[in-house]
Amino acid sequence: MFERPDVGERAVLVHIDFTAHDGTEDPGEFRELVTSAGVEPVCTVTGSRKQPSPRFFVGEGKLEEIRDAVAANDADVVLFNHALSPRQERNIEHELKCRVLDRTGVILDIFAQRARTHEGKLQVELAQLEHMSTRLVRGWTHLERQKGGIGLRGPGETQLETDRRLLRERIKSIHKRLEKVRRQRNQGRRARQRADIPTVSLVGYTNAGKSTLFNRITTSSVYAADHLFATLDPTLRRLELPDIGPVVMADTVGFIRHLPHKLVEAFRATLEETTQATLLLHIIDSHDPRRDENIEQVEEVLAEIGADEIPMLQVFNKIDLLENFTPRVERNEDGMPVRAWVSAVTGEGLDGLFDAIVERVAEDVVHHFVLLGPADGKLRALLHEAGSVLSEEYRDSGDTVVEVRLQNRDWQQLLSRAGVNENSVRLDAGHA
């Protein structure tokens, strides 16, 4: 939208520590981001300041150091591990005579490369356009349309105003199309809810191994790689769990610290699978030195999208990278599994994880030994029809002890259909 140098493949990275600000970005993670974008980092310029300069973000001495690094390494682009204002971005580009991108721009570039589905591409384009709309300043002045005189009168707006109007119209159009996608997702979700099919959604920090674990559990072939944001498009797979029946597993986009709010909004449709899940599997890279900070970041984003009240099972992945570590499942004071240690690559601990998932999804499962008399034929028939009878034992008295296991909501529905009050159901004391 304004004349800017092209982006190349060789990059100078800039990371500044600000003493007056908390939550400094991780330079190692930024290097991974840059590599994931397919760019070669040739040099990293670091420094410290109390606060950013309004004009160049860095001081003039540091700007000169960056200029020297660009010349010495024949770099094509300078990438800042920070959020730059449009004005700062333009000022730095003017001084360095090369393209400048901030952290958000790098993440957007990765998103653009990774999106595969129609919905994913729409969401990426929306995020890009909203990011670009703040950078439409003093562009295309050579195409000024508000000129006076015969033959020079334009449509009453400058090229910049036209660009802004076209951007607004395109953003509005994408919002409408995403709303349609969202309605379609809601229809599918409501259908699953009517059929009482639970959803287990995988969430976690980017590159924690979600897709690798997803492939292991569902024997699927979702794209998985040792890159940040390898997965952008939501993937759903159906599998059968013992005692529960069909369950939908959902693999979602990874989170990252200080993910721009616009990106969270743009991927709201993708993350809606998370907000409607029965159980969240929080996949954690157990080998990452910033593990605890990553957990906090994921929990912050979950709270932001309204998913922090959903039951969660923490899955500490990549234990094959830890020394002398054996897989295990940890439980809370109520005996409920809350943490599993596994390796998605080697398969260690996956049996325990699978059992923990079944146990957590089946929290609402009832397991009864019911005494049924000759007059309870309708309830007995309904239990058999639902496939919930595990065993039957006939008594000399004419009663039958029926062992049943099913979801509590299904149990309540069967009792209602049979016209039986739950308080009047006789349970066999011998199996209590």
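Colleague: Why is E300 called partly exposed?

Modeller: Happy to explain, and please keep in mind that this is a predicted model. E300 has a relative accessible area of 48%. Buried means under 20% and exposed means over 50%, so E300 falls in between and is called partly exposed.

Colleague: Where is E300 found, and which residues form the negative surface patch?

Modeller: E300 is in helix α10, residues 291–304. The patch is formed by E296, E299, E300 and E304. Patch members need over 30% relative accessible area, and E300 passes that cut-off because its value is 48%. Glu counts as negative, hence the name of the patch.

Colleague: What makes K97 exposed?

Modeller: Its relative accessible area is 61%. The cut-off for exposed is over 50%, so K97 qualifies. K97 sits in the loop between α3 (86–96) and β4 (99–101), with a positive phi of about 60 degrees although it is not a glycine. Most residues other than glycine have a negative phi.

Colleague: What makes you say β9 is mostly covered?

Modeller: Five of its six residues are buried. β9 also pairs with strand β8 (residues 279–285) in the parallel sense, over six bridges. Pairing needs at least two bridges, so six is enough. Within this pair, L281 stands opposite L313 in β9.

Technical notes:
Residues are numbered from 1 along each chain as its sequence is written. This is a predicted model: local features need pLDDT of at least 70, side-chain atom pairs count only at pLDDT 80 or more; totals for chains, interfaces and linings use all residues. Side-chain values use heavy atoms; hydrogens and water are left out. Helices (H or I, at least four residues) and strands (E, at least two) are DSSP runs, numbered from the N terminus. Buried means under 20% relative accessible area, exposed over 50%, partly exposed in between (1.4 Å probe, protein chains only). Patches are made of residues with over 30% relative accessible area and no salt bridge: like charges are joined within 9 Å, nonpolar side chains (Val, Leu, Ile, Met, Phe, Trp, Tyr) within 5 Å. Accessible areas come from the Shrake-Rupley method with a 1.4 Å probe; for residues, only the protein chains shown count as cover. A salt bridge is a side-chain nitrogen of Lys or Arg within 4 Å of a carboxyl oxygen of Asp or Glu. The place of a charge is taken as NZ of Lys, CZ of Arg, CG of Asp or CD of Glu.
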